[in-house]
Amino acid sequence: MKLLIEEYQYNVADVENVLDGLFTLQDVEQKVSVSYVGYYYNPHHKVRDVVFILPKVLIDEQGYVFGEYEPKDLIHLDDAKMDEKHRKFLYEFAVWIHRAIVVYNDSHEKNEIVLHRQIQDEGKGSHKKKSNTLLDVILSLIRFNKENQQFFTFILKNLHSGFNKINWGKTIAQTTAIVQDSSPTYLNPVNKKRQVNFDEELIVIFFSILQYISDTYGFRSNINFGFKLITGAKFKRYLDGFGRTRLRQIKYKYFSDTAVKLWDLCYAFFDKTYKIRVNTSQSEYLLVKSFHIVFEAMIDELIGDTDIPRGLKEQDDGKLVDHFYTYDGLLIDDKADDDIYYIGDSKYYKIGNSLGKESIYKQRTYARNVIQWNLDIWLNGKPHKPNMADPFERIQLFDEVTEGYNVIPNFFISASIDKKTLSYEDYTEPHPNQPPVSRQFKNRLYDRDTLLLSHYDVNFLFVLALYARNNAGTKAAWRHSVRDKFRRAVQDMLKEKFEFYALAAHPDVDASSYFKAHFQETLGKTFRPYENQQLFSLALDREFPADNDRLLTSLGENFYVVPVKLGEDPSDSLSVERSRKGDIESPGGMGKFLTCLVRKEEIGEYGRNNIAKLYQLFYNHEAEGATYVMLNMPGGDISEAKYLLPLIDNTIDGYYDIERISFGSRTKVTKDGQYIPNYPTLRIKIGAYHPLERRCTEGIVPRMANQIWSYAQLQNVMVRTNAYSIGDAGSNLAEEPEFVYGDEEPEDLDYIEN
């Protein structure tokens, strides 16, 4: 076996015979490198041996294989001075590489990177290879099974011919008959005994080898005969030496060419030094150029999603993301449908290599394109509105209340091999050199320009074997496992860099208005990831403790604030904090609401031209800029009122800013016809409209009008139908006024002036 390493610079003299006939070589300053990975049989009379070209991932930063051997010293592997463990590893590793190329070629039928010539039939040539490899033997065993089904059928037919027939000679001589009506009856006839059949034993060993190859490497073979196979610990005994011993014991029982050929193949499997006869007159190969494409396909098959909308993986600027999928978000562990996009990029390097600046820049661009794709759907309605049944479209990255952006996990995956253990076990570890954080502003995790990148090493041997076996169930199990592992790793990185808190507004604070008023202080630091949309996440970069303390002090005056572990639901912690601190008058509180009743029939006083319909303006949320005239004075301190809250059809759905309140008067006509001059009224200049979180109907009655409400009272009215309340419900309910509003007083109509 000859061994070359992909892209390694060899001296021309060292490899000129080994590479005779192979094309697409690079000759740079008397150095030759091979840009392929795979299997190549060289029929040159000086070689007549297999050449394996293995991936460059075997080489470390210093250019050594396993940290010990120079690649040039391993060209003639059979003669190389190396540890037997390493030699055995390379023979088996070549099988895995071949198998992975086959799986890739089968699943990518139109690929242009795999070069393949069918391996010739063995046994038809006059020469044996100078050495055979494990792969030679495996492929020959599989091919023998495919081409010799009639041989197995013939042997099986002969094995059972005459079996279980009565041996009349022994029956008459050895047993007693019962005679009845002059006819003997034998109750215990003697059957023909089945003897040990060495053809059957060889076939059992052969099919047991095929089953082992299928279970271990993923090579599929049809085993159509119902023999009891050798498996488990018993087959391991054959691998440890008994296989060679037993085959030598039965070697001279076979005379047909086919049986001798089968014995040769089985013995070669157990004795790696035994040579099998092959046609050596032609070259044969299975090679792949650009092996990094195969590595990307391996990783994507194992972790990525399929049927991804255009714009996410295939991006509109021509960029192509290696791996893309949706999985649980980072900020909360148990919220339903809280998935987020995961963007991954495969890096096929030598062991230990770090990322280049170009790769880091491209990866950040991928994330920016994904964010814009999401915004086009949710904010602009382009190309269409979100489809909540689509796992890619129902994710909303932007929060309109805090104007924060969710965190998108963005990471690199590179191949690694533990050169000490050469283990095929599953391990995924952070790369020693992590890429820097990209940001436009400091201390803003929830900002679209803050892009966190992470870099992880996966065990190339584990991934290679998992992909090569091509077992759907095993791949699905690992996919969930590794996605969760990546998520936990990104969470650990965030915990190391940031402190996380949960916020809930005080009863008199409207969180949305607060965040708008304190935009610069909270932008990029707050987001709403929780199922309860009244709760907020606060993320503070540990590098800015002084700034963080100032912000926490300010927020603490208007919000209940508790530290929280990333991924936890803070509802219980905030409830405890509310109970401990109680209802608080906040410096940034909402102020009071002045309620007013809007009747459908009201058209204004005496039908003057400058008076508009109350109902229509308020119903359409178009009262901004008008002056509302309230004819009955409310109770309480009018100067505290900042907002006008209209009651329309026993419903509240929003409120208006009060720009100005002034006093006026009019002549009031009572029910008995009395005139009361200079009756006081309020003139309220109406400002911008603000919708409530939801439309509230139940429990809203006309007698709630002409009152001063606190924000806590408004909240209580809104949540009474939701089976929970804020604070002391009894003390916060709006009281009905002493006077009666109704149709019996049509002359006492409030109205609005344009």
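Lys-485 is partly exposed, with a relative accessible area of 29% (buried is under 20%, exposed over 50% and partly exposed in between, with a 1.4 Å probe and protein chains only). In this predicted model, local features need pLDDT of at least 70 and side-chain atom pairs count only at pLDDT 80 or more, whereas totals for chains, interfaces and linings use all residues. Residues are numbered from 1 along each chain as its sequence is written, and side-chain values use heavy atoms, with hydrogens and water left out.

The side chain of Lys-485 meets that of Asp-426 in a salt bridge, at 3.6 Å from N to O (a side-chain nitrogen of Lys or Arg within 4 Å of a carboxyl oxygen of Asp or Glu). This pair links distant parts of the chain, 59 residues apart, with Asp-426 in the loop between E17 and E18 and Lys-485 in helix H12 (helices, H or I of at least four residues, and strands, E of at least two, are DSSP runs numbered from the N terminus). Asp-426 is partly exposed, at 30% relative accessible area.

A search of the whole structure finds 26 salt bridges. One of them pairs Asp-60 with Lys-419, the closest N and O atoms being 3.3 Å apart. Asp-60 lies in the loop between strand E6 and helix H2, and Lys-419 in the loop between strands E17 and E18, 359 residues apart. Asp-60 is buried, with a relative accessible area of 3%, whereas Lys-419 is partly exposed at 34%.

Helix H12 (residues 472-497) also packs against helix H11 (residues 460-469), their axes coming within 9 Å and crossing at roughly 140 degrees (axes are lines fitted to C-alpha atoms, for helices over the stretch in contact, and angles run from 0 to 180 degrees between N-to-C directions). H11 is therefore oblique to H12 (under 35 degrees is roughly parallel, over 145 roughly antiparallel, 65 to 115 roughly perpendicular and the rest oblique). Phe-462, Val-463 and Leu-466 of H11 and Thr-474, Lys-475 and Trp-478 of H12 make the contact (heavy atoms within 4.5 Å).

Arg-364, in helix H10 (residues 357-378), is buried yet has no salt bridge; the nearest side chain of opposite charge, that of Asp-449, is 10 Å away (Lys and Arg count as positive and Asp and Glu as negative, His and the chain ends not being counted). The Arg-364 side chain reaches the backbone oxygen of Pro-436 at 2.9 Å.

Definitions and conventions
A polar contact is a pair of N or O atoms within 3.5 Å; within protein, one must be able to donate a hydrogen and the other to accept it, and residues adjacent in sequence count only if both atoms are side-chain atoms.
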